[in-house]
Amino acid sequence: MVEKAKLDREIIALRAAKEFKDGDIVNLGIGIPTYASNFIPVGREVIFHTENGCLGFGPVADPQTADLDLVNAGTQAVTAQLGMSFFDHADSFGMIRCGRIDICVLGGLQVSEKGDLANWITPGRKIGNIGGGMDLAFNAKKLIITMEHVTKNGEPKIVKECTYPLTAPHCVNLIITDMAVIEITGEGLVLKEVAPGWTADEIQALTEPKLLLAPDLKEIELI
Amino acid sequence: MPVNKVLDSPEEALKDVFDGAFVLIGGFGNPGACPTWLIRALEKQGAKNLTLVGNTPGFGRAMIDLMRKYGDVALMPEWFEDGGILVQNGQVKHAICSFPVSPSPLVKTAFEEALDRAEVTVEILPQGTLAERCRAAKMGIAAFYTPTGPETIVEKGKEVRNFNGRPHLLEHAVKGDFSLIRAYKADRWGNLIYRGTSRTLNAVFAGASTVNIAEVDEIVELGELKPEQIVTPGIWVDRVVLRPKEGWVKEVQKW
């Protein structure tokens, strides 16, 4: 059997970046979400927040311009921009808890049909890193999860109930995977977009809870 | 007598750290924000049964060497060491932290290895809760309610109370005996400024302990740090030491 093509990590991030509107304050987690900062359309002003205390930084720096005192939450070097500001950790998490972050994009291990997120403790490990992810998941206005649709062993990551320890309950608004875009609504999970070559039935077969089909279900639009 | 908080060496600044002390280590996990020379001096000083409070309780030498080898070399200077060296030296019994393990499944932090050997115990917190618990200590607040954590592992053993229709957790202040702080410049009154994202937990921990010690690149004359520019007023700082030149800031990006 030939495996169907899935979207690569950068394309998932590109789709996530389509959600950012002019003036949005956006926080990006480690991994796939980080790439989203590379796909902001020219002319759209999106302000990035990082937990370690910076608002309004620019794209990732190359090694020659890496500055030890300008890094994002993944400790990657980023670049300075006009309008940028620095603050301490207490202020930074105040911004998060009081709901000033418009959009947060995080990775996920499991998302449940209720929108519960599990992403902080890797299977087979005694402890994990809560990091800033829990504050963000609880408090961001809109939470987008970018992840592979299934595990390496082909098991669904979108499940009825999370079996891994929760990062936050009822927090996810949108899931963008390498196969589909799924919105979490009061009625349940709504399949909105599918990757090229994939059908709704095929996506359903790899998703544990029942998917509702959006009336305007379409192929993922990246531009 | 003129006030002078500047001491001759990190060793002198740490000589009274006692066994069982709570030590708040500023920074985030990256070299720029880490008070490396104070940590090294504490390793030499040898106080035991310490509780480390900070974002990352310690990568340790082996993991940092690997990060240097396979990661972005520009971001991993030769001098960098973190609280992991205290863990490896058997000085740590407990950590209150947010990011104790390696993000890579291929390598373990010194702290996780010690945890596997049951030499240490850990309390893992959301980063914002960790920051606020230390800030509360600094601000003279005994405890507070945060919306982060209900229905997760963090809730265990804590009071849950509803405010504005949302469950909140009661979190208590964490006061340190010693704060180790990385700052950029200081004057002899202990006024501090930081550079870029290296402010992070450093500026929160400055004042959150009984004794607050800052490691800086430069000690300037009173007045050189302008009143509006000072991030941490000297009241929060008890001791200041100078970093050796090899660890000084390199201003690659301009702002």
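User: What do the buried residues of helix 2 of chain B pack against?
Analyst: This is a predicted model, where local features need pLDDT of at least 70, side-chain atom pairs count only at pLDDT 80 or more, and totals for chains, interfaces and linings use all residues. The buried residues of helix 2 of chain B pack against helix 1 (10-13), strand 1 (22-25), helix 4 (84-88), strand 8 (176-182) and strand 11 (209-216) of chain B. Helices (H or I, at least four residues) and strands (E, at least two) are DSSP runs, numbered from the N terminus.

User: Which residues of helix 2 are buried?
Analyst: In helix 2 (residues 36-45) of chain B they are Thr36(B), Trp37(B), Leu38(B), Ile39(B), Ala41(B) and Leu42(B). Buried is 20 or more other C-beta atoms within 10 Å of the residue's own, exposed is 12 or fewer, and partly exposed lies in between, with C-beta atoms placed from the backbone. After helix 2 of chain B comes Gly46(B), with a positive phi near 90°.

User: How is numbering done?
Analyst: Residues are numbered from 1 along each chain as its sequence is written, while chains are lettered from A and ligands numbered from 1 in the order in which they are written.

User: Which residues touch the most other members of the largest nonpolar core?
Analyst: Val23(B), Cys134(B) and Ala214(B), out of 141 residues in that core. A nonpolar core is a set of buried Ala, Val, Leu, Ile, Met, Phe, Trp, Tyr and Cys residues joined through C-beta atoms within 7 Å.

User: What does Val23(B) touch?
Analyst: Leaving out residues up to four places away in sequence, Val23(B) touches Leu50(B), Thr51(B), Leu52(B), Val53(B), Gly176(B), Asp177(B), Phe178(B) and Leu180(B). Contact is C-beta atoms, placed from the backbone, within 7 Å.

User: In which sense do strand 2 and strand 3 of chain B pair?
Analyst: Strand 2 (residues 50-54) and strand 3 (residues 92-97) of chain B are parallel, with five bridges. Pairing needs at least two bridges found by DSSP. Leu52(B) has Ala95(B) as its bridge partner in strand 3 of chain B.

User: And how many bridges join strand 3 to strand 4 of chain B?
Analyst: Four, and strand 3 runs parallel to strand 4 (residues 121-124) of chain B.

User: What about phi at His170(A)?
Analyst: His170(A), also not a glycine, has a positive phi of about 45°. Its 14 C-beta neighbours inside 10 Å make His170(A) partly exposed.

User: How many residues are in contact between the chains?
Analyst: 43 residues of chain A contact 45 residues of chain B. Helix 3 of chain A gives the most to chain A's side, with five residues.

User: What scores does the model have?
Analyst: The model has ipTM 0.97 and pTM 0.97.

Terms used
Two residues are in contact if their C-beta atoms, placed from the backbone, lie within 7 Å.
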